[in-house]
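Hello,

Here is the structure for you to look through. Notes on what was found in it follow below.

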Amino acid sequence: MDITCDQLTDFLFLKADMNKIPLAGSFELTSRCTLDCKMCYIHRRSSDKSAIAQEKDTGFWIDLAKKARDAGMLILLLTGGEPLLRSDFNEIYTECKKLGLLISVNTNATLLDEDKIRLFMEYPPQKINITLYGASPETYGKLCGNASAYQKVTDSILKLLQKINKERGITVIIITHQMSVIEQICHRVAILDHGEVAEIGEVEEVFRNPKSQAGRRLVSPDMGTLPLSTWEGHVARIAFNGNASADPIIASVAVDLGIRLSILGADTRNVDGKAFGTMLLGLPESEAEAAKALSYIQSQKDITVEEVHDYHAG
């Protein structure tokens, strides 16, 4: 009979309770924290000397873990405050792992740097419980007293997910409205428009040559901020990767064809370490000259171009 992990855990807790065995434990390693959350009852400052003086040393926690393990403890939560603040966290964590304990870590992720990510990849925890206090720097500033922590936490989580994907081959599905997240770690993207899938593809290909209107709106410069409503000519969107640049193209069109193009908007993004740029160009009102310019640009290496027909919609 197959059982789930949750069912096995429930069974173990039931048996442990019947036999008075301390199956799970929690070690509060420190009362210090990197944040100052208004609702938290344990958030003494990182450099609080009094708090540091009250903390138990490395040997105490390792010895306690051994005694608890011998008494039957299998599941251990390392928490705080912010447990990653301790300079000896790595040692405490690895020694507890070597005891065969299933370890979870509570953290706000402000200190989840490359060193800690390497540690967790080498000695995988059962869980990493990351608390997110909001979806903007403003919320973090008002609630936690540190607006800059929002970006630091977001970057740390993304780096951890990226490491898990690359080194463990585990597929990570991210639902986000932030283009920066897609640019930083995603390989494939599905674009939803009004609850329906508008486009699916490799991130590079979608940025280079979006097939749907939703895709074009996503990767193009923000049309709402551009002077398009007064532009009477044709508008083209060009996309170029790190091996190409839009500036020589505009100059080449002017020199080789005698056609002047207007830059209506531009944006550059870093997609998985590669530079991709998009630009909206104003083409001549003349159908013949506009077609000639489009054909010329299409012939260039590492550049894609298409005429935008619904730009007035924003």
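A salt bridge is a side-chain nitrogen of Lys or Arg within 4 Å of a carboxyl oxygen of Asp or Glu. The whole structure holds 11 salt bridges by this count. This is a predicted model, in which local features need pLDDT of at least 70, side-chain atom pairs count only at pLDDT 80 or more, and totals for chains, interfaces and linings use all residues. Residues are numbered from 1 along each chain as its sequence is written, and side-chain values use heavy atoms, leaving out hydrogens and water.

Lys 116 is buried at 9% relative accessibility, while Asp 115 is partly exposed at 31% (buried means under 20% relative accessible area, exposed over 50%, partly exposed in between, with a 1.4 Å probe and protein chains only).

Now the interior. A nonpolar core is a set of buried Ala, Val, Leu, Ile, Met, Phe, Trp, Tyr and Cys residues joined through side-chain atoms within 4.5 Å. The largest has 33 residues, and Phe 27 and Leu 78 are among those touching the most other members. Helix α7 gives the largest share of this core, five residues. Another core, of 18 residues, lies apart from it and includes Ile 238 and Val 305.

Regards

Key
Helix = DSSP H or I, 4+ residues; strand = E, 2+ residues; numbered from the N terminus.
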